[in-house]
Amino acid sequence: KPIIPIAVGSQDSNMMDAEDGPVTMLQSQVPAIVKAVHRQMREKSVKTRQGCFSLLTELILVLPGALSTHVNSIIPGLQYSLGDKQSSSNIKIETLSFIQALLSSHHPTVFHPHTDVIVPAVITAVSDSFYKISSE
């Protein structure tokens, strides 16, 4: 499903500058969100992991760059979802969609230390014989 990011700059600037505005409140919750999601991304339940990726995708669409300091916590979940032989095609597609959103919303230097982990996992996933995974 295509996800259209909202432009943060198009909001009312007075509301966004407020010390306790919604964006500021959300930014303050990012570490707690990532900590909770980190544990859930290693679950066997596909629906739980899909929910984690959906939540993180929405988070980075609202707050581009919000996960810059948390990529270390997210990488193991990406590896697990893409590398697990028991994973369904749906979780692999969801994971690849999240990776695309993550790469699009963060500065490339954030990923430099993790390319040796991310690239092989993505290459393996897109080499899958199931066309929907490969096309994602």
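A crossing of two helices is left-handed if the near helix is turned anticlockwise from the far one by less than a right angle, and right-handed if clockwise. Keep that at hand for the exercises below.

The model is predicted, so local features need pLDDT of at least 70 and side-chain atom pairs count only at pLDDT 80 or more, while totals for chains, interfaces and linings use all residues. Residues are numbered from 1 along each chain as its sequence is written, and side-chain values use heavy atoms, with hydrogens and water left out.

**Exercise 1.** Describe how α2 packs against α3.

Solution.
- Step 1: helices are DSSP runs (H or I, at least four residues), numbered from the N terminus.
- Step 2: the axes of α2 and α3 come within 10 Å and cross at roughly 160°; axes are lines fitted to C-alpha atoms over the stretch in contact, with angles from 0 to 180 degrees between N-to-C directions.
- Step 3: α2 is therefore roughly antiparallel to α3, a label for angles over 145 degrees.
- Step 4: the crossing of α2 past α3 is left-handed.
- Step 5: in contact (heavy atoms within 4.5 Å) are, among others, Leu26, Val30 and Ile33 of α2 with Cys52, Leu55 and Leu56 of α3.
- Step 6: this contact comprises 9 nonpolar, 2 polar and 1 charged residues; Ala, Val, Leu, Ile, Met, Phe, Trp, Tyr, Cys and Pro count as nonpolar, Asp, Glu, Lys and Arg as charged, and the others, Gly among them, as polar.

**Exercise 2.** Work out the relative direction of α3 and α5.

Solution.
- Step 1: their axes come within 10 Å, crossing at roughly 20°.
- Step 2: that makes α3 roughly parallel to α5, the class for angles under 35 degrees.
- Step 3: α3 passes α5 in a left-handed crossing.
- Step 4: the α3 side includes Phe53, Leu56 and Ile60, and the α5 side includes Ile91, Phe98 and Leu102.

**Exercise 3.** Find the members of the largest nonpolar core that touch the most other members.

Solution.
- Step 1: a nonpolar core is a set of buried (under 20% relative accessible area, 1.4 Å probe, protein chains only) Ala, Val, Leu, Ile, Met, Phe, Trp, Tyr and Cys residues joined through side-chain atoms within 4.5 Å.
- Step 2: of its 30 residues, Val30, Met41, Leu56, Leu67, Ile74, Leu78 and Phe98 touch the most other members.
- Step 3: α5 gives the most to this core, with 6 residues.
- Step 4: leaving aside residues up to four places away in sequence, Leu78 touches Met41, Phe53, Thr95, Phe98 and Ile99.

Technical notes
Buried means under 20% relative accessible area, exposed over 50%, partly exposed in between (1.4 Å probe, protein chains only). Helices (H or I, at least four residues) and strands (E, at least two) are DSSP runs, numbered from the N terminus. Angles under 35 degrees count as roughly parallel, over 145 as roughly antiparallel, 65 to 115 as roughly perpendicular and the rest as oblique.
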